[in-house]
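Hi,

Here's the structure I promised to pass on. My notes on it follow below.

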Amino acid sequence: MKLVKDINILEDSGVHQKLKSIALISLLVSLCFLPFVLIAVIYFYTSKGIQFRFDFPVLILPFAFFALSIPIHELIHGLFFKIFAPKAHVSFGFNYFTFYAKTHGQTYTRVQYIIIALAPFVIISFILLCIGFRFNLLFTCYLSYILHVQGSVGDFYYVLDLIKKPYVDRVEDTDTGARYYSSQK
């Protein structure tokens with residue numbers, strides 16, 4: 001296997017520019033759901049005779065849900081690291097104002113790494129949707145979803161980068177990002 005890219009997501013200014021672009025695009029895409037969320041909120045509240053109030057809990061709960069989702073997000077990464085490499089040592093930490101899960105020295109196939117990267121976003125988004133419908137917290141969960149989308153920007157970066165590089169066979173998780181390997185010349 002030949003090393004084809006060593007990504008330092010923490011310090012590479014080129015990567016930071018791409019992360020900013022992905023963050024902006026993901027925010028705009030998330031905001032496209034706003035009309036549907038508002039219609040759903042109005043429908044559910046009026047059909048159940050509940051009056052919607054834009055008060056303190058509506059403003060605080062999204063941040064509480066987001067804060068709770070951060071360690072859950074990293075635990076889901078860790079779970080999928082273990083699913084694809086049961087003998088790997090998964091560690092968790094906090095660096096550069098970012099929580100992380102990592103398996104230093106372990107490589108994964110490109111598909112496995114894409115699944116590892118997307119799993120927390122998919123699972124937590126589904127949980128937020130279920131909580132929103134079950135407890136009439138659609139707007140609150142929608143705001144939490146927007147925050148979580150922004151927190152998943154690094155994961156989206158890896159997925160988009162790997163999609164653009166079909167020649168990458170294996171991905172190694174590192175302390176500062178990832179390394180891509182290819183068997184092609």
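Predicted model: local features only at pLDDT ≥ 70, side-chain atom pairs only at ≥ 80, totals over all residues.

Residues are numbered from 1 along each chain as its sequence is written, and side-chain values use heavy atoms, with hydrogens and water left out.

Three of the residues, Lys5, Asp161 and Lys165, are linked in a salt-bridge network. Asp161 pairs with Lys5 at 3.1 Å between the closest N and O atoms. Since Asp161 is in helix H6 and Lys5 in strand E1 (residues 2–8), that pair ties together parts 156 residues apart in sequence. (Helices are DSSP runs of H or I, at least four residues, and strands are E runs of at least two, numbered from the N terminus.) Lys165 also bridges to Asp161, at 2.8 Å. Asp161 is buried, at 2% relative accessible area; buried means under 20%, exposed over 50%, partly exposed in between, with a 1.4 Å probe and protein chains only. Lys165 is buried too.

Elsewhere, Arg179 and Glu172 meet in a salt bridge at 3.4 Å, N to O. Arg179 is partly exposed at 24%, while Glu172 is buried at 8%.

One more for you: Tyr158 is in contact (heavy atoms within 4.5 Å) with Ile7, Ile9, Tyr113, Gly177, Ala178 and Tyr180, leaving aside neighbours within four places in sequence.

Cheers

Definitions and conventions:
Salt bridge = Lys/Arg side-chain N within 4 Å of Asp/Glu carboxyl O.
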